[in-house]
Amino acid sequence: MKLRTLTLGLLSASTLAFAAHAESITIATVNNGDMVRMQTLTDDFTAKNPDIQLQWVTLEENVLRERVTTDIATKGGQYDVMTIGTYEVPIWAKQSWLLPLDKLGDDYDVKDIIPAIAGGLSVDGTLYAAPFYGESSFVMYRKDLMEKAGLTMPDAPTWDFVKQAAEKMTDRANGVNGVCLRGKAGWGENMAFLTAMSNSFGARWFDENWKPQFDQPEWKNTLQFYVDLMKANGPEGASSNGFNENLALFQQGKCGMWIDATVAASFVSDPKNSTVADKVGYALAPDNGLGKRGNWLWAWSLAIPAGTQKADAAQKFVSWATSKAYLELVAAKEGWANVPPGTRTSLYANPEYQKAAPFAKMTLDSINAADPTHPTVKPVPYVGVQFVAIPEFQGLGTTVGQLFSAALAGQTSVDDALKQAQDAATATMTEGGYIQ
Amino acid sequence: MARAVSTQHKTIATAAAWIVALLIFFPILYTIITSFKSEQEAIQGFNLFPSGTTESYTAVEAQSGYFKFFLNSVFLSVGSTILALLVAIPAAWSMAFSPGKWTKDILMWMLSTKMMPAVAVLFPIYLIFRDTGLLDSRIGLMIMLMLINLPIVVWMLYTYFREIPGEILEAARMDGASLWNEIVYVLTPMAVPGIASTMLLNIILAWNEAFWTIRLTTTEAAPLTAFISSFSSPQGLFWAKLSAASTLAIAPILIMGWFSQKQLVRGLTFGAVK
């Protein structure tokens, strides 16, 4: 009896001692399929690292951005790992807010990360965030409607073709809109799409001296084309549609074409959530023959704030979550179609993945077609395809987004919207000291 | 004839009240209905008859433990309300029964703090919380919720107390009641409906507060507002799951409101001694 009591006592004491010893790291993340899946697979990590416990904080994208920015700027130390995008990484790394990822382990194979993505997450050749999944944008279209319109979608369409196809596919009496595009104001909503689109029209946000370029003909061509296309062939109330709204419309069979994130391919082709799952085709984002396509580049990535007290444990976790072994783990448990896309070159060479994800090649081609350091035809002083990686861009991008959204809604003319955008950008850049 | 008109009026008024109540309640009802649909049903347009699947609830519970958030919500809303009453009852008493030269200005100033957007003080508050170690702590958040609701609590109690005739308190004093006895045995029993409705309203306000509760918490102190926020996704609307999460979050306060509606309405519409 005594022995049993003693054994039990020792066991409880050792459990308590272990619990006290185990280090707990807090990870801030967004609620999307790949991230939620990772939370269910963390047993693998804790089995390999029994001394590290994981705590998750899942937040809506904009709230997450605001919370992690507040925390990192004040060195609040609430998070040990943060999920951030390609926009934040270069800015935060330059502020010394992020730790360089130099202890990812010998078998991590940094060189396997897709070069375009690695470039967007590095500053001066040092990686500051590891990509969890990457995406570009491309055209998703209804094969049946395209056939009915008597057209064949080329692998690399032009904007003129998109316009022609949209006109032929639009059948408003039956609730079919030729094309669905983002119109909701926001730097990460309509401006992500329009900035990427403007690149293919040869437009740029700023010239080499940071002078705003909304008064140039390239922007006028972009915005006029977009507004005309959407007014004639877009859904009603398009100025309030973002990614989620267009996804719902496409899944309900109300869009002939949708140009948006490559990650949407797995949702529109999922019969559980989409009524058109077996009728979707994919093509590269359109161009205008100027050598640049209207596609973007984004990667949700894991970074470690400089204020953390648990840098080693955090780095171990980042290494696990973005490793090749993690992709294999997901494939083994949930199938290759559910592996987080767009981060590693080796994934796209894997025949099993190619078989499970018919959009794989188009995704990789789209990612490779985006160059964050040379996003458009003319030279620019900034990094970023669908954004400008400067701290002022969140505010300015949203202001311009509101003006362009108003132009789409018909509340203002294209010329007025561009003039106001030029004025707003000039004021912001002068205030920020970019223009002397 | 006069009776007939009044009955007709009554019928119209009742019908109007029902229509308004239904209009107000409809979004909540539709959220509950949607929570019993599959994701595909949820995006297929307006439909009042769900298939009755509970898959969204299962998914929501599997994704994040509801009860931890629920307990935090209960602790924060009830705790902050008790704290607010402890401060507000004496404050409202002194303002109602022995007003000074600046009482009206103080009341207005208290109310004016509610006019400032919360985000304006986010950074100072965040820094104070960081430096005092109160980030992600229930106590810190309880104090915060108490502070933001205090002006409303003081105002409501002040309004109730003002309707209690001062003579009753004077009579108590004449009978030799001390200040403590006066507040506890004379004032409080008379103001019970007022205090109760203030308490209920404050619990509801604290329960639904979504700015500070999301921004000052991470894992330990996060209440149901953070729980709902975690279901908003950048990868799709997921209406069914979001509706299930919202239904779970509002259910306790809805049930509490249902049972205490008499008290709540009485306190909000009548004075203390009517």
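Helices (H or I, at least four residues) and strands (E, at least two) are taken here as DSSP runs and numbered from the N terminus. With that in hand, chain B is quick to read: from the N terminus on, its elements go α-α-α-α-α-α-α-α-α-α-α-α-α-α, which comes to 14 helices and 0 strands.

Before going further, a word on what you're looking at. This is a predicted model, where local features need pLDDT of at least 70 and side-chain atom pairs count only at pLDDT 80 or more, while totals for chains, interfaces and linings use all residues. Residues are numbered from 1 along each chain as its sequence is written, and chains are lettered from A and ligands numbered from 1 in the order in which they are written.

Back to chain B. Its C-alpha atoms fill a box of roughly 70 × 70 × 30 Å along the principal axes. Of its 274 residues, 34% count as buried; buried means 20 or more other C-beta atoms within 10 Å of a residue's own, exposed means 12 or fewer, and partly exposed is in between, with C-beta atoms placed from the backbone. Contacts (C-beta atoms, placed from the backbone, within 7 Å) can also be sorted by sequence distance: among those in chain B between residues at least 6 apart, 77% join residues at least 24 apart.

The UniProt record, an unreviewed entry, lists "transmembrane region" for residues 12-33, 74-94, 106-129, 141-161, 182-207 and 238-259 of chain B. Those positions are given in the numbering used here, feature names are shortened, and such annotations may be inferred rather than shown by experiment. Take two of these spans in the model. Residues 74-94 of chain B are 100% helix and 0% strand, with end C-alpha atoms 30 Å apart. For residues 238-259 of chain B the figures are 95% helix, 0% strand and 32 Å.

Now for chain A. An automatic or database domain assignment supplies the bounds, and it divides the chain into domain 1 (2-134 + 297-356) and domain 2 (137-296 + 375-431). Taken over C-alpha atoms, the centres of the two domains of chain A are 32 Å apart. Where they meet, 7 residues of domain 1 of chain A are in contact with 9 residues of domain 2 of chain A. On the domain 1 side, α5 (88-94) and β10 (297-303) of chain A are the elements that give two or more residues. That side divides into 7 nonpolar, no polar and no charged residues. The classes work like this: Ala, Val, Leu, Ile, Met, Phe, Trp, Tyr, Cys and Pro are nonpolar, Asp, Glu, Lys and Arg are charged, and the others, Gly among them, are polar.

Next, the place where the chains meet: 28 residues from chain A and 24 residues from chain B make the contact. On the chain B side, α2 (39-43), α6 (122-131) and α11 (212-215) each give two or more residues. The largest share, 4 residues, comes from α6(B). By class, this side of chain B splits into 9 nonpolar, 11 polar and 4 charged.

One helix of chain A brings both chains into view. In α11 (residues 243-251) of chain A, the buried residues are F243(A), N246(A), L247(A), A248(A), F250(A) and Q251(A). Their cover includes β6 (130-142), β7 (177-180), β8 (255-261) and α12 (265-268) of chain A, together with α2 of chain B. Just after α11(A), G253(A) takes a positive phi of about 80°.

Strand β9 (residues 280-284) of chain A has 4 of its 5 residues buried, so it is largely enclosed by the rest of the structure. Pairing, for two strands, needs at least two bridges found by DSSP; β6(A) and β9(A) pair in the antiparallel sense over 5 bridges. In β9(A), V280(A) is the bridge partner of R142(A).

Of its 185 residues, V81(A), M140(A), M257(A), A92(B) and L157(B) touch the most other members. Helix α7 (residues 138-162) of chain B gives the largest share, 13 residues. Both domain 1 and domain 2 of chain A give residues to this core, so it lies between them. Leaving aside neighbours within four places in sequence, V81(A) is in contact with residues including I25(A), I27(A) and L302(A).

Methods:
Contact = placed C-beta atoms within 7 Å. Core = buried A, V, L, I, M, F, W, Y, C linked by C-beta atoms within 7 Å.
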